[in-house]
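Colleague: I have not seen this structure before. Please walk me through it.

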Amino acid sequence: MDRLNKPYKGFWLKAQTHKKMARGNLKVILIHNIISPHVVPQFQKLAQRPGLELKVYFLSETEENRRWRIKPAYGFAYQVLPKITLTLRHQDLFSYHINPTVILHLLRDAPDVVVSAGWDSLAAQSSFLFCKVRHLPFVLWSGSTINEPSWRRDVSLPLVKFIVRHSDAYIAYGTRAKEYLIHLGAPAERIFISINTVDTEYFQSNSMMSEVEKAALTERLGIQTTKTILYVGQLIERKGVTHLLRAYALLKREYSDVSLLIVGYGYQEGELKDICEREQIEDVVFLGHIDVSEVPRFYGLADLFVLPSSEEVWGLVINEALACGLPVITTNKVGASVDLVKEGKNGYIVEAGNVVQLYQSMKRVITDTALAKAMGVVSRQLSEKFTIDSTVDGLISAIRYAANTRRRDRQ
């Protein structure tokens, strides 16, 4: 069958090559789920790289459980595809977007390379099939780790393995994502690390406050202690905030001069407040939703950041905390832990759900000012390695590898 198609295939490939040469750029379509604050600066910088012509297809503008303020202009070409959304509500909200026109858009835009952030959407699967039929390089961008069991993963596993094994290159959020891609059948030499990150410069500069500003913010929040532990994230079960409250309660019995600041929202908020009231856990401040532009100030106020999740694909709040110079305590189930937290250097990694380990690690940092300060310095140094530019470098490397490999295969 392939022999019969060779004359047409050769003609089509030559035509595509001439088109690309005339254009002078490698045309890249990137498929992403939603317009989130951390990907916007990434795509802005990717679009600025020479030799690329980028367009992003978003499956949806946002999700029902997100309260980000969406701005209309981003500095890169994009389109929100028409969609039908199926929503599953359990312990966490899951939205499945059906974007029936994705193939029509790909035909119209005629990309040289397609990058898909994830494999579990109809758009990702359709674009993979499109690339196979049209002999185009397909790059799979994944943050998934082995620590995210679900019935959806079990059902889709055969299809996921097929997509992974037949992709041309891979982009992994970090070490854990790379390990999982290899587990699914990806060749290690085709996997490029592109550390998932935020605009670290923004968080660093906006977290800096004078002592007068800190005192004013502390007074406004009603905090009367000299030490503050910070949590930022959704208030849902898999985030482990109940474990954080239990560990904090143990710490509070021994060391009264500490407060817990909780930034975020979610269905568990009422339950968490009830726990504090029922068990008389003092100096816990719930702030609810805070716009991302204001969040750095709370990192600047804190002495320690904790992310106690039992399941977390990555954990961008750790990137934020590092950029703001904070020690970090997180769990072994958080994707970012192995790359961003160096045990005993800038924080600690504990077993998910282990309240005693969490309490002991928090106590070490909070009761030792010199240790906390030294860890904060290491955090800020680490964050300088995980900038948006370094993330974009990883994306570019995978895109060019896929394009060059496919080009060699055609010759």
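Predicted model: local features only at pLDDT ≥ 70, side-chain atom pairs only at ≥ 80, totals over all residues.

Colleague: How many helices and strands does the secondary structure come to, and what share of the residues is buried?

Modeller: The protein has 411 residues. Its secondary structure comes to 16 helices and 15 strands. Buried residues make up 51%.

Colleague: How do helix 9 and helix 10 run, roughly parallel or roughly antiparallel?

Modeller: Helix 9 spans residues 241-254 and helix 10 spans residues 269-278. Their axes come within 10 Å and cross at roughly 15°. Angles under 35 degrees count as roughly parallel. Helix 9 and helix 10 are therefore roughly parallel.

Colleague: Which residues meet where helix 9 contacts helix 10, and how do they divide by type?

Modeller: Helix 9 brings V241, T242, L245 and R246. Helix 10 answers with E271, L272, I275 and C276. By type, the residues of this contact are five nonpolar, one polar and two charged.

Colleague: Is the crossing of helix 9 and helix 10 left-handed or right-handed?

Modeller: The crossing is judged by which way the near helix is turned from the far one; clockwise counts as right-handed. Helix 9 passes helix 10 in a crossing that is right-handed.

Colleague: Is T242 buried or exposed?

Modeller: T242 lies in helix 9. Leaving out residues up to four places away in sequence, T242 touches Q268, E271, L272 and I275. Its relative accessible area is 17%. Buried means under 20%, so T242 counts as buried.

Notes:
Residues numbered from 1 in each chain as written. Heavy atoms only, no water. Axes fitted to C-alpha atoms, helices over the stretch in contact; angles between N-to-C directions. Helix = DSSP H or I, 4+ residues; strand = E, 2+ residues; numbered from the N terminus. Parallel < 35°, antiparallel > 145°, perpendicular 65-115°, else oblique. Contact = heavy atoms within 4.5 Å. Nonpolar A, V, L, I, M, F, W, Y, C, P; charged D, E, K, R; others polar. Buried < 20%, exposed > 50% of the residue type's maximum accessible area, 1.4 Å probe, protein only.
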